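Please examine the model shown below.

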Amino acid sequence: MSDRECHGSRVCHQGSCMFEEEARAHLDRQLAGEAGDPDGTPGVDAGVTAGGEEPATDPPPALAERPMFMGGPQHTGRSGRLGPAATPSVAWTHRTGARVFASPVVGPDGTIYVGSLDRTFRAIGPDGSLRWRYSGQDKFYSSAAITPDGTIVVGCHDRSVIALTAQGQTRWRRELPAPVDSSPAVSDDGTIYVTADGLYALDPEGNVRFHHAAASGVRSSPAIHPDGFVVYGSTDGRVVAVRADGQLAWELRVSSSIESAPAIGPDGSIYIGTDRGQLVAISRDGRERWRHEVGGDVRATPAITPDGTIVVGAYDRQLHAVGADGQPRWTLRTDGRIRASARVDAEGRIYVGSQDDHLYAVSPDGERLWDRNMGEDIDSSVAFGPDGTIYVGVDDGGVYALR
Amino acid sequence: MRAWPLVLALALGGCDSCGGGGPVPFGLDGSAGRVEPDEEPRPDRTREAPTEGRALPAGTRRVEVEGAPIASERSLRALWAHDVDGDGDRDAILVAEGDPAEGPVHLLFARRDGAQFGEPRVLGRAAPAGAGCGVDEATIATTGPWLVARATVTCEGGGGGGEEVFVLSAEGEPRVHERLGTIATDEPGAIRLALGHDDVDEDGRDDLTVEVALTTHDREDRLNLHWLDRPSGLSRQTDEPNATLDARSREALRALRGDPLAAIAASRAVLRLHRAVCAEPGHARLRVGSRAGLDCGDSEGAGRAITTVVRGHAARGEAMAAIDAYAALEDPGRRINDERRRYARAALASLPGGSGLTLTEGPPVSPPPARDATLSALGFLDEDRVLVRARAPQIWTIGGELGPADPGAADVRVLDPQKRFLVGSLESRCGATRLRVAPTASIAPGVIDAEAASTPTLYGAPDACADAWQPGGAGWRLLGWAPQGIVAAREAELRVVPLDVSARPTLPPRTLDAGELPPAPLPAGAATLDGRFRVELRGPAVLLYDVQGGAAPQLLWPEGWADREGTPSHPAVSPSGRRVAVVQGGRVVLLERASN
């Protein structure tokens, strides 16, 4: 990695992107033998809390697979469906013209919806056939979400959010001031949250309910907290929580660019990765609980297993499992950086792709169950079909069905 | 003659008030050209007429001739003063700007009586033009025995305009003998008229000659038209331009055997001139009177020329160019007889046949007429079955028989996926094309409720001109209404008109980039469901486009194709792109490639 791969004024330090002052502080700590201490790290700003609530005492409701990024608005990555327990075969490949960076989502009828960097967004039948294709004006990095009324909503790099019917017709198209590369989250009342130059809330007709501005473009996909606020990370080093009325709930400076999306744990804690190679745990009222250092950027979105373990891949080529207390549980080494977010099936099996071209299945204990060479980098997360098939996008432009 | 010293003195005095809007004190500062008297001077021939008038700046509303003013509400752009009625004082002929709706150029005559001019009367007007058209410059000068007034008209936005030319006599009672002009069009190249005089019919009287010069790229083509001077006025010699076109096309044909490239070039020059000066092709750039183009009838020269073009390209192995020319063989204004058709077909037959291409005759069918706003009557349901959208729809299983199809399958209309809207027609003007879209609920059989129709733009700038919309798609053919919107094709270009669930535009229409797949699915017909392959017809030629195979289409031209009767219609392509079906001679004909 070089400085050019780091955003803004960040520099490359020991394989991670960080601000210059952070790099100096890190060096100082290394010299003092403090590097890697995730708790109470000197110099980390305290979180700014606004309108914090008493922590909930009841566990969150059982998570179900929702057709949106990471299986639902809380981004746990968990699914009520099963994936393959043994090395699957390729059932079919649907070819697009360029990399498939976005993660597929599966609709109620089994149709798979996914965008490609060839500027198309597609509906693919369970047999791999094309149902319809939408030709966009720029790339699709965003994963789609399906609203309660069946509308498919997706962001596009052409600075728009597009709402399509299940037949592929356009309901509406909302232009925004910045590219929409993040994935929408949809609340139970149908409000659509996306990030672009900040956080937008759109009503089901695409009208803007509010815009909470950010200083620069945001690529972190918003997550909806059970407490009613929406949280995302920013490239200027903040985790931002915004209430449903558009007002700031709190923000926490983590002093490192964030592309990862947040995930919400069963106790309401928020977990998010940073470009500085850290997994950060934040309480529901915006206070940092701990940081876990890994050896490379964490750009994937953490997944939460049924027992509350946080699983996330990093640019250090490893899949990391960390307990809710911040203690490391296990790591799985691959031969490539991990940009994709892990998904977890109903039996706790973890599925994640790596830039070593392999798709991995891992047991809850971190044992490699199987891996399959897909031929090219995998940055997309898998989606679970109702029949045990998993779907994933690959950098060769293919959308693969594996069972 | 007594006026000459005064004229000379005034001319030498110069003009010191020639700014816009100010009086022009003399109006005669052009050289008082000496006119050599004829051996037998004609009573109507002026000896003292100036050869050139004076151009006036835009906005001039008042001029003076020897102190006598002429005022006008119109902007005066040129002045020619001469004693046309022989009463000893100079009268004036003027070019004035007019209301474009009445004609942007007016030719005026103001008779002078003593110290005053009478109210100018209009001798002639240019044809009405669109708003924003005005005179750029104007001149008046003599050409032989006539006075020629010219004005260049330009229009805002670039469309319209041209040159207006009035040929008039300026003795006694001035009158316009002929009005000519050039028409600004989108056609390439520039057209110029050069007026002169010559005794064409050798009757001792000068006749009017008009040289039409057409400049295209680095080439200039010319021909001469003549108006003979008769006691009643000017009479156009009607054997032109056909005589010239005929002679030059014969010359080109003679060159065909030895130098087909030169024969093609010479023939194309004939066709360009024919198109520019004759009314029949519909693209005339010469105006005579109020008509665009001359009545040339069916031109032998143009017919011979286009046949030579077909033969020349075929001789050079240039299949697509030969086919394009063949497709234009019987365009309006060309005399094509059976012999020329035979020569043209023979030329195409000499083209190399497509290797690995097989032809299979299918069953007889009676599809509806092909229209640019409807689907093809044929559509592949899969690799082996072809739907025939006829009054009684049928399915042809390749290698088998015709069987019945669902009655609903007969619909050739372009409908949205929900079947709530349809495209009624395409219409075009000034390079723009738009669709007429209406709710299906508003349609009585064969009639579209005009109030209910919307008109999304398919191509171009619909407000570029105020001409009436004309039916027709200007070469655009609808491939279908995908969920994202309507997809249309014209040669290598694919275009999308994005429409929402209510058939309202969501984005401006756009042309897809090379290699970009269109929105899908498309209905079975001239394109595959996924839009990757599509087939287009150009005369007898069947062209297969592969979006992922580059811009150039593959010509499907099996052995003996040129000899087949009937022009193919209703193209369809199979999902793999290997099979293409057309209707020809009342039957389904299948063309099959060995491989993609």
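In chain A, strand β11 (residues 160-164) is joined by five bridges to β12(A), and the two run antiparallel. Within this pairing, A:Ser160 stands opposite A:Glu175 of β12(A). Strands here are DSSP runs of E with at least two residues, helices are runs of H or I with at least four residues, and both are numbered from the N terminus. Two strands pair if DSSP finds at least two bridges between them.

This is a predicted model, in which local features need pLDDT of at least 70 and side-chain atom pairs count only at pLDDT 80 or more, while totals for chains, interfaces and linings use all residues. Residues are numbered from 1 along each chain as its sequence is written, and chains are lettered from A and ligands numbered from 1 in the order in which they are written.

The pair belongs to an open sheet of four strands in chain A, ordered β9-β10-β11-β12, with antiparallel pairing. Its edge strands, β9 (145-146) and β12 (170-175) of chain A, each pair on one side only. Chain A as a whole has one helix and 35 strands.

In chain B, helix α3 (residues 260-277) packs against helix α4 (residues 300-315) at an angle of about 150 degrees, with the axes 8 Å apart. Axes are lines fitted to C-alpha atoms, for helices over the stretch in contact, and angles run from 0 to 180 degrees between N-to-C directions. The residues of the contact between α3(B) and α4(B) comprise ten nonpolar, six polar and one charged. Nonpolar means Ala, Val, Leu, Ile, Met, Phe, Trp, Tyr, Cys and Pro; charged means Asp, Glu, Lys and Arg; the others, Gly among them, are polar.
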